[in-house]
Amino acid sequence: MRKPNTMAAALAAAAALVVMPQPAAALSPDDASKLRQLDIMLMVTSLRCRFGADDFQADYEHFAAAQNPLMQDAFRSLQADYTARLGLARSKKALDSISVGMANQYGQGHPWLGCGDLKAMAQDLAATRDTGRLVAAADEALAAAPRGAQLALRR
């Protein structure tokens with residue numbers, strides 16, 4: 001009887017683990033909201049900046065494609081949270097209202113980031129696979145003023 005090759009079996013098991021899809025880390029409703037808002041903000045501002053020197057529509061499209069699975073998870077997480085709290089019909093209306101409000105808010109531009117800054121952000125964030133980094137970037141970019149300015153205002 002032939003003895004199984006334990007090294008080959010171990011390598012096959014390791015390869016199977018690499019190929020198996022890993023479940024996405026559960027997003028808190030707050031993090032899901034930040035990611036959804038980041039996506040909307042970048043989309044709307046890319047449209048606003050499309051005629052200037054810092055047109056970043058292609059960069060936003062690359063970001064959206066690269067981060068699509070995470071953004072879909074964020075939307076589903078928000079949808080589940082809102083549905084649990086408000087019911088199906090009211091949750092759809094609330095989520096639509098939030099999306100329209102975000103689009104209107106950034107339709108006139110970002111309060112403190114220029115098109116070049118937003119372009120660099122979209123390029124940088126398209127390349128990351130770190131959800132925590134995306135949430136932190138969203139937290140920073142969605143603030144009413146840069147963090148340093150906010151600290152100065154509190155004094």
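Modeller: A quick term to begin with: two residues are in contact when they have heavy atoms within 4.5 Å of each other. Among contacts in the protein chain between residues at least 6 apart in sequence, 73% join residues at least 24 apart.

Colleague: Thanks! What kind of model is this?

Modeller: This is a predicted model, where local features need pLDDT of at least 70 and side-chain atom pairs count only at pLDDT 80 or more, while totals for chains, interfaces and linings use all residues. Residues are numbered from 1 along each chain as its sequence is written, and side-chain values use heavy atoms, with hydrogens and water left out.

Colleague: How many helices and strands does the protein chain have?

Modeller: The protein chain has seven helices and zero strands; these are DSSP runs, numbered from the N terminus, with helices being H or I of at least four residues and strands E of at least two. Along the sequence the pattern reads α-α-α-α-α-α-α.

Colleague: And how much of the chain is buried?

Modeller: Buried residues make up 31% of the 155 residues. Buried means under 20% relative accessible area, exposed over 50%, and partly exposed in between, using a 1.4 Å probe on protein chains only.

Colleague: New topic: which cysteines form a disulfide?

Modeller: Cys 49 and Cys 115 do, with their sulfur atoms 1.9 Å apart. The rule asks for a pair of cysteine sulfur atoms within 2.5 Å, and by this rule the count comes to one disulfide. The pair links distant parts of the chain, 66 residues apart: Cys 49 is in the loop between helix H2 (29-48) and H3, and Cys 115 is in helix H5.

Colleague: Is Cys 49 buried or exposed? And what about Cys 115?

Modeller: Cys 49 has 5% relative accessibility, so it counts as buried. Cys 115, at a relative accessible area of 26%, is partly exposed.

Colleague: You mentioned H3 and H5. At what angle do their axes cross?

Modeller: The axes of H3 (residues 57-86) and H5 (residues 115-126) cross at roughly 25° and come within 8 Å. That makes H3 roughly parallel to H5 (angles under 35 degrees count as roughly parallel, over 145 as roughly antiparallel, 65 to 115 as roughly perpendicular and the rest as oblique). Among the residues making the contact are Phe 63 and Gln 67 of H3 and Leu 125 of H5.

Colleague: Which residues does Leu 125 touch?

Modeller: Leaving aside neighbours within four places in sequence, Leu 125 is in contact with Leu 38, Phe 63, Gln 67, Leu 134 and Ala 137. Leu 125 counts as buried, at 2% relative accessibility.

Methods
Axes fitted to C-alpha atoms, helices over the stretch in contact; angles between N-to-C directions.
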